[in-house]
Amino acid sequence: MSTNTAIDPLQYPIGKFTPPVSYTKEEIQIWINDINELPGKLRQAIISLNETQLDTPYRPGGWTLRQVVHHLADSHMNSLIRFKWALTEDSPVIKAYDQAAWAMQADYKLPVEPSLKMLEGIHQHLVVLFESFNEAQWDRYFIHPETGANVPLKRNLALYSWHSRHHLAHVTNTVAGF
């Protein structure tokens with residue numbers, strides 16, 4: 001029996017996340033730069049959109065651009081907390097959250113500006129932390145409660161670099177169609 005392993009380019013415009021096999025200083029710096037640049041690139045991508053455009057889904061059955069912006073703020077807020085737990089506690093088990101349920105809450109109907117401001121502040125914190133890390137700190141980890149996996153901070157950086165580019169592509173690809 002053959003299975004279709006093709007991914008939906010509307011859902012995964014830059015492909016699915018693949019954990020790196022190595023973590024060089026150069027790769028880490030590229031990922032830090034992705035984190036640093038997301039808030040400005042996201043703001044630039046949506047600055048001229050009207051309310052109807054912000055309420056456009058990036059794909060059939062997908063979130064609206066407004067929900068994507070709010071999701072990025074919520075997700076990266078959770079990520080900042082996870083990084084800090086791993087830096088200050090030994091092998092912490094993080095708290096998972098239901099991102100789809102969060103996207104249905106009333107605050108996801110707000111204008112995007114509060115979430116853009118949150119994202120700017122969160123990313124300033126993340127970049128300062130990342131730039132201060134030594135190798136031992138990059139190797140610290142948290143435990144994901146759903147998988148039981150030990151997630152090293154350098155892997156989480158790679159994931160959130162991908163997450164930033166993934167959702168930015170949802171926005172920019174949708175905006176290009178307007």
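Begin by selecting Ser115, Leu116, Leu119, Ile122, His123, Leu126, Val127, Leu129 and Phe130: these residues of H5 are buried (buried is under 20% relative accessible area, exposed is over 50%, and partly exposed lies in between, with a 1.4 Å probe and protein chains only). They share one side of H5, because they cover an arc of only 160° around the axis, the arc being that of the directions from the helix axis to the C-beta atoms. Helices here are DSSP runs of H or I with at least four residues, strands are runs of E with at least two, and both are numbered from the N terminus.

A word on the model before moving on: it is predicted, so local features need pLDDT of at least 70 and side-chain atom pairs count only at pLDDT 80 or more, while totals for chains, interfaces and linings use all residues. Residues are numbered from 1 along each chain as its sequence is written, and side-chain values use heavy atoms, with hydrogens and water left out.

**Around H5**

Now show the whole of H5, residues 113–132. Its 20 residues reach 29 Å from the first C-alpha to the last, close to the 28 Å expected at 1.5 Å a residue; the expected span is 1.5 Å times one less than the number of residues. Turn to the face pointing away from the buried side, and you will find the exposed residues Lys117, Gln124, Val128 and Glu131.

What do the buried residues of H5 pack against? Colour helix H1 (25–46), helix H3 (65–88), helix H6 (135–139) and helix H7 (153–176) to see their partners. Contact means heavy atoms within 4.5 Å.

Select H3 next. Of its 24 residues, 18 are buried, so the helix is mostly covered. Its end C-alpha atoms are 35 Å apart, which agrees with the 34 Å that H3 should span at 1.5 Å a residue.

Follow the chain into the loop between H3 and helix H4 (99–102), where tyrosine 97 sits. Is tyrosine 97 buried or exposed? At 18% relative accessibility, tyrosine 97 counts as buried. Leaving out residues up to four places away in sequence, tyrosine 97 touches His71, Asp74, Ser75, Asn78, Arg82 and Trp102.

In the loop between H3 and H4, also pick serine 91. Its phi is near 50°, a positive value in a residue other than glycine. Serine 91 is partly exposed, with a relative accessible area of 30%.

**The largest pocket**

Rolling a probe the size of a water molecule over the atoms shows where empty space is left. The grid has 1 Å spacing over the protein atoms alone: a cavity is a set of points where a 1.4 Å probe fits but cannot get out, and a pocket is an open set with protein on both sides within 12 Å along at least five of seven lines. Lining residues have an atom within 4 Å of a point.

The largest pocket has a volume of about 700 Å³, taken as the space filled by probe spheres set on points joined across faces, edges and corners. Centre the view on Ser75, Gln99, Leu159, Tyr160 and His163, which lie nearest the centre of this pocket among its 29 lining residues. Which helix supplies the largest share of the lining? H7 does, with 9 residues.

By class, the lining has 12 nonpolar, 13 polar and 4 charged residues. Here Ala, Val, Leu, Ile, Met, Phe, Trp, Tyr, Cys and Pro count as nonpolar, Asp, Glu, Lys and Arg as charged, and the others, Gly among them, as polar.

**The second largest pocket**

Move on to Lys25, Ile28, Gln29, Ile32, Phe130, Glu131, Phe133, Asn134, Glu135 and Trp138, which line the second largest pocket. About 160 Å³ of space lies there. H1 gives the most to this lining, with 4 residues, and its residues divide into 5 nonpolar, 2 polar and 3 charged.

**Last stop: before H1**

Finish at isoleucine 14, in the segment before H1. Isoleucine 14 is partly exposed, with a relative accessible area of 35%. Beyond its neighbours within four places in sequence, isoleucine 14 is in contact with Trp162, Arg165, His166 and Ala169. Draw a C-alpha to C-alpha distance from isoleucine 14 to alanine 169: they are 155 residues apart in sequence and 7.3 Å apart in space.
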